[in-house]
Amino acid sequence: MLRAREAAQFLRPRQRRAYQVFEEAREVFENDPETNYFYPRYLDCISKYGSPYTKHPDFVTCVQNLPDQCSPNPCAKEGTQACQDLMGNFYCQCRAGWGGRLCDRDVNECGQQNGGCSQVCTNQPGSFHCACSSGYVLSPDGRTCLDIDECADAGACGEARCQNLPGSYSCLCDEGYTFSAQEKSCRDVDECAEGRCEQACVNSPGSYSCHCDGRGGLKLSQDMNTCEDILPCVPLSTARSLKSLYLGRMFSGTPVIRLRFKRLQPTRLVAEFDFRTFDPEGVLFFAGGRQDSTWIVLGLRAGRLELQLRYHGVGRVTSSGPVINHGMWQTISVEELERNLVVKVNKDAVMKIAVAADLFQLERGLYHLNLTVGGIPFKEKDLIQPINPRLDGCMRSWNWLNGEDTAIQETVKVNAKMQCFSVTERGSFYPGTGFAFYSLDYARTSPDVGTETTWEIEVVARIRPATDTGVLLALVGEDHAVALSLALVDYHSTKKLKKQLVVLAVESVALALMEIKVCDGQEHVVSVSVKEGEAVLEVDGTKGTSEVSHEGLTETLAVLGKHLQGSVRTFIGGLPDVPVTSAPVTAFYRGCMTLEVNRQALDLDEATYKHSDITSHSCPPVEPATP
């Protein structure tokens, strides 16, 4: 390879310098196509006129006429201010806003200190642009945003006073007035417009009342204007057992556990578990094949075990044994023994039924068995005798087919909603996060079609509250109007005093109030009787005080009567998503409660809907006091 010093004697001073750096640049020329300018042309001169040692005149001329490294220009045209020849290399001098070896990379000026812009910086190729938010204008320096004084326009607020604000403006009126943007004038308002309430406000002649988002867990605080969290005032024993399985989690009646067993040989059913419930009716487990094949269902009806069997299309229902929905643990087992199904309670056989086939069914060379817990894999109407499958019950120490169920325990451990309360009492538990509702009819009509005669609402609620605020019962119309509500509240709205009360109301109008020691951990009985011309509220046998005049009661009950002419739903433990001003209380109830409506006990398993966290027949007791 020809060295730079061997050719330098033929070159001008400028070209001699290029040859001096030739050796250092050669590797760059060979490896970087972007800088491959001088060296290839020099090789062309050698190829045409021979070795430099011959000093051929045409070779000297060829070398002297070689272009510099900026010809052709390797730099990006848009981003380059000038190209410098470095004798075997080149340097691109970039314009402002461009970078990179070839000045082909845009510099994001907005990435550093927002480009010097006081508000909005927008990057552009080779540059950037400052902009301002609404209500501001860009100053002559192109970077700083200045507030626009909207009040300089005399018509901005009409007859009201205009107050300029950073980036905006406000139209002000005298106290007791508010600005109408449409009319550009001041209009008279009530006290609620003064912002006295933290959340919702309802004006009334000479007064006002504040309302908080009860469904969001808030109530009025001591000042009667701001809101605070609804906190438990009675601690409940809500600890759960990791080794238990709650059967009532699915209100839909679908199983909480599904298992499928496959065997090479015929296998007999063996199932044993501890069970606890206060619920009189529901499904414990199903075992068998498809709905139209062979299966059994073990359930409860009227508190006693019931076994439904279907073999070869023939159905049978058997019920026997003691009442077991007393809330105590007992051991239940079901076993196939020599063409018999034997059901035991605490080791005592209570049923022995002869069967004509095996529950494991042969399918594609294997014997199959489906087993579901807390529900059935088909509609309850397809049972031999329909039953409500929902069961507020608890299992523990289960053994399905000799212990082949370890996956259930692992699933329950990581899902608290599948676990049972460690200790329970009879009742229904409302956790303060949901409601149930029924479709009940309160209107009574005569045989003449369309002629209304009367209506009546009687409610008896046995409650053990854990908080001092919450809806016990409410009638809600199709338009989400709260026709009637019965609730706990911790303040007197008109006197603006903190006091634990039960309130009976139609829409937002309180009909009657009665004091209650809501946080004493004891059970209280709340009774309501509402009919045309009368509204009575009692707590523990003591009659409450009326909050309306006789004329006001007549008018309010007429409003309730109109609601009852249409369709209403009976909500228990809370309200649907209605405005917070629809009723005196919108918060969910937390605590234990059982209800009778028009002399009929309400079973939450029979509700049209129930929140899955509400337990229909069991409730945690009050937590024992710490010594």
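The lining of the largest pocket is made of ten nonpolar, nine polar and two charged residues, where Ala, Val, Leu, Ile, Met, Phe, Trp, Tyr, Cys and Pro count as nonpolar, Asp, Glu, Lys and Arg as charged, and the others, Gly among them, as polar. Let us start the tour there. This is a predicted model, in which local features need pLDDT of at least 70, side-chain atom pairs count only at pLDDT 80 or more, and totals for chains, interfaces and linings use all residues. Residues are numbered from 1 along each chain as its sequence is written, and side-chain values use heavy atoms, leaving out hydrogens and water.

**Stop 1: the largest pocket**

Select Ser209, Ser493, Thr494, Ser508 and Ala510. The space here is about 550 Å³, and of the 21 lining residues these five are the closest to the centre: Ser209, Ser493, Thr494, Ser508 and Ala510. A pocket is an open set of points on a 1 Å grid over the protein atoms alone, with protein on both sides within 12 Å along at least five of seven lines, and lining residues have an atom within 4 Å of a point. Its volume is the space filled by probe spheres set on the points, which are joined across faces, edges and corners.

Next, colour the strands. Strand 13 (200-204), strand 14 (207-211), strand 38 (482-492) and strand 40 (509-515) each supply at least two lining residues, and strand 14 gives the largest share, four. Strands (E, at least two residues) and helices (H or I, at least four) are DSSP runs, numbered from the N terminus.

**Stop 2: the enclosed spaces**

Rolling a probe the size of a water molecule over the atoms shows where empty space is left. A cavity is a set of grid points where a 1.4 Å probe fits but cannot get out, and the count here is three cavities of 30 Å³ or more.

Select Cys212, Leu218, Tyr491, Pro584 and Val585, which lie nearest the centre of the largest cavity among its 14 lining residues. That cavity holds about 110 Å³ of space. Strand 15 (residues 218-220) gives the most to its lining, with three residues. By class, the lining has nine nonpolar, four polar and one charged.

Move on to the second largest cavity, with a volume of about 40 Å³. Its lining includes Tyr246, Arg390, Asp392, Asp605 and Lys610. Five nonpolar, three polar and four charged residues make up this lining.

**Stop 3: strand 25 and its partners**

Select residues 330-336, which form strand 25; five of its seven residues are buried, meaning under 20% relative accessible area with a 1.4 Å probe, protein chains only. Strand 20 (residues 270-277) pairs with strand 25 in the antiparallel sense over six bridges, pairing being called when DSSP finds at least two bridges between two strands. Look for Val270 opposite Glu335.

Strand 26 (residues 340-345) is also an antiparallel partner of strand 25, over five bridges, with Glu336 opposite Leu341. Three residues lie between the strands of this hairpin, where Glu338 takes a positive phi near 50 degrees.

**Stop 4: Ser529**

Is Ser529 buried or exposed? Find Ser529 in strand 41 (residues 524-531): it is buried, because its relative accessible area is 18%. Beyond its neighbours within four places in sequence, Ser529 is in contact with Ile457, Glu458, Glu534, Ala535 and Val536, contact meaning heavy atoms within 4.5 Å.

**Last stop: the whole chain**

Zoom out to see seven helices and 49 strands. Of the 627 residues, 47% are buried.

Definitions and conventions
Buried means under 20% relative accessible area, exposed over 50%, partly exposed in between (1.4 Å probe, protein chains only).
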